[in-house]
Amino acid sequence: MIFTAAIHFILALTIPTAKHSHIFIRTRKKYGESQLLILRRCEQLTKKIQKVRCDLEFLRTCLIYNLTPRFIQLRALNRSFISKEQNLLFKRQCLQQEFNSHYKINNRLESELNSATKGLEKALSQVDFFSATRFLHEIAIKIRNETMANHQRKLTSLNHGPVGQNIDDSEPKLIHNISSHILTESEERLLNRGWEFCIENRITKFLDLQTDIEENITKIQPNCHTTVYHTICKHVFAASQKLMQTTKKKKISNISDNELQALTSLKENKHIIITRADKGNAIVIMNKIDYINRIETILAGNQFAPLPESTSLEKKEKEMNKILRELHNNQIINKSAFWHLHSTSSSLSVLYGQPKVHKTGYPLRPIISTIGSYNYSLLKYLAKLISNHRTEAPPSFIKDSFELVKKLKTITIKPTNTMVSFDLESLYTNVPVKEAIELALDLIYKRPNKPDTLLTRQQTQQLLHQAVCDVPFRFMDRTYIQKDGVAMGNALAPILANLFMVKMEEKLNRFTKNKPKIWLRYVDDVFCLFDIEEKHIKIFLQRINMWHNNLKFTSEFEEVATLPFLDVLIKKGNNSLTTSIYRKKTHTNLYLLWDSNQCRKYKIGLIKTLTIRIQRICSNETIAKAEKRKLEETLKNNGYPTHIIRRGIKAGEAIAKRIQQPQPKIPTVEKQKIFFTIPYFGQESIVFASRIRKICDKMLPHIHLNIAYKKQGTLKQNFLPIQKGHDESKRNKKLIYHIPCQNCEKVYIGETGRSRETRITEHLKAIKKKDINSELVKHILNTNHTMNFNETTTLAKETNWKRRVIKESLLTFESKDKAVNEVKHKLQVFG
């Protein structure tokens, strides 16, 4: 009570601080010995509560960082008796038990304190009670500061360095608040963790986990005997039950209660938009009205237009499905491809914007998310089709920074050479779509060899037009079409943009003078090396800007013989170019935080990846060592323990050496690889995966099981749906529904990819026709009962058909023989 009642605290601040003895003397004189004893008891309870709370925070941090306090450090007398893994697991269980014990003690003490303070509040005058509250608050602050300082020293010792994210040294800033909302300390602390930070919390609903397990287990079935398969399913069921039980009881979170409350308050604030910056890992807070106005300014451009009345999402979907059906009937695509590309009750693509924090005024970069749209699968299919016909990349093309460095090593330069980089403004949105489509068709059909597809040029052209021309999308509750250009978020965007640029680059061959010695391009960024004067380079820039009306190049010249390009800093030497890591102004030095709720091996993998990047980009060992020292400091600021950093860097150096000096492969019998994907809830998921892997290794020695973990509860998953806006059309589509019987306990559970209303209409028609193929109709005819369609409810939502039928089966099984429907998927683990 005294720690949560804000009014008490505010009023207490207005009263002069009383010395402890004066409070006790005044209480004894005015209210007697009994009230003095209650006040003394409140003082003792306050001290105990603060110590217990600090202990809880200490234990929580130990669990997050896998630290073992000295009072739990155990040693087995016989080392062979207990494995290292078992020893660590036992220590962790002891730590969790200690946390749970302190948690109960804290609740009991808080209950006692609340009871005692209520008694004081009744007996004391208002002024005296506020003085007592002030006194207890000061005691609490003092004890907390002393205890936390002691615990911080212990944690630093156990971790061999500082614990947690160091926000003070973050430069540039991680949060850009350009809204009228003033962030609280807890809100700022939460957002500083980054867009991809995963929050660990108690989970009570496990339908998605059960669906993942059912979907994954079917991958094993073709590779083993039926008896072995059923045995594995039983073990998986036991392990999953243990996982769900432990996750339900979880009391530990990787953020504080205040931060959880801050997350809720930020999500409920209807006046702001929280989004990720266009570049870097910074987060931007904007006023919602400003965000909407800026997007509407973009939509007022020539590339966009309001959706015409003659066009609708349903009409575009029907047009595409008609083309696909004709291709299937003519045996151009098989049944599997037809149903993969076919669309039912799809959603509109969604436009949202990401602020460019490195530019004045924070302009927005428009992004159109096509996930769930009618042409989403078609886009991916066509992207794969075009990519498969690109036999070789053009000489100017570089796929990443490593290839850039590799090419730069082969270049000999002169002191008179000038380095310049060219940048194309808004390439994707300025790509002339019809020209790019023709270039894609030429790539597939104008070739010496026969195209690797049964589609004719006209049919492919028709599909490409369906995929990228006049595609409808929504912004908030309004609908538009994109008349030209391809948006970021479109699977075909990088492919069409690259084909268009390759065609433009052919014009370089027409240059007889002022031609660059080197021209290397990555998407819309070009690195050039000239042996001409600066004024002639500017003339060259003017000429390439005349290649096409939609293209506009900007230039950046070297400064002090140095030029940044991509994430590489290129410097001129005597006869060669040296390279090192380049960090843009938008770079925040924020990576995956150590206390983010993600698998430990991914965090160690991050260290290895960053080390490999340093080793492969830096042109000499001196530069590489300096970069590794910077990396070590950056990772420490991200909360990584020193010993983990050193181990990861050492492992990364070894991998980089193997990449740069490949050894001949020793022939071995390779096992068949099978991939499982499960949600990551914390250490419990690691234990579950370990159990599954052990049983598979034992019973299926010819299979190598790889288990990957899906992120759960990221800040992105919390804030991005709010930024995209609510799509009312999604509310009653692609779901599992429940229809109760009006006369008994029986229910009908079904799934549909269309709207719920459409499916109910079909049920009513089936009842009218007395269709005996319907299980719902059978129940009505056999019992003379009535189904209560007015009480139809949605049990779950799922866009993927395979996962939707699994969820239907799981929910049917959970109904315990009350369901009258048949299922399309036979449960393997939970049935």
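**View 1. Confidence along the chain of this predicted model.** pLDDT is the predictor's confidence in each residue, from 0 to 100. The chain averages a pLDDT of 86, and 95% of the residues score at least 70. Over residues 1-19, however, pLDDT stays under 50. The model has 31 contacts beyond four places in sequence for residues 1-19. Where pLDDT is low, the predicted coordinates should not be read in detail.

**View 2. An open sheet of 3 strands.** Here you can follow the strand order β1-β3-β2, with mixed pairing. At the edges stand β1 (175-177) and β2 (272-276). Each of these two has a single partner strand, so one side of each is left without a neighbour in the sheet. On average, neighbouring strands of this sheet are turned by 15 degrees against each other, direction ignored.

View 3. Zooming in, β2 pairs with strand β3 (residues 283-287) in the antiparallel sense, over 5 bridges.

View 4. T460 belongs to helix α17, which covers residues 457-468. Is T460 buried or exposed? T460 counts as buried because its relative accessibility is 1%, and buried means under 20%. Leaving aside residues up to four places away in sequence, T460 touches L385, L441, I444, Y445 and L455.

Conventions
Residues numbered from 1 in each chain as written. Predicted model: local features only at pLDDT ≥ 70, side-chain atom pairs only at ≥ 80, totals over all residues. Heavy atoms only, no water. Helix = DSSP H or I, 4+ residues; strand = E, 2+ residues; numbered from the N terminus. Buried < 20%, exposed > 50% of the residue type's maximum accessible area, 1.4 Å probe, protein only. Contact = heavy atoms within 4.5 Å. Pairing = 2+ DSSP bridges. Axes fitted to C-alpha atoms, helices over the stretch in contact; angles between N-to-C directions.
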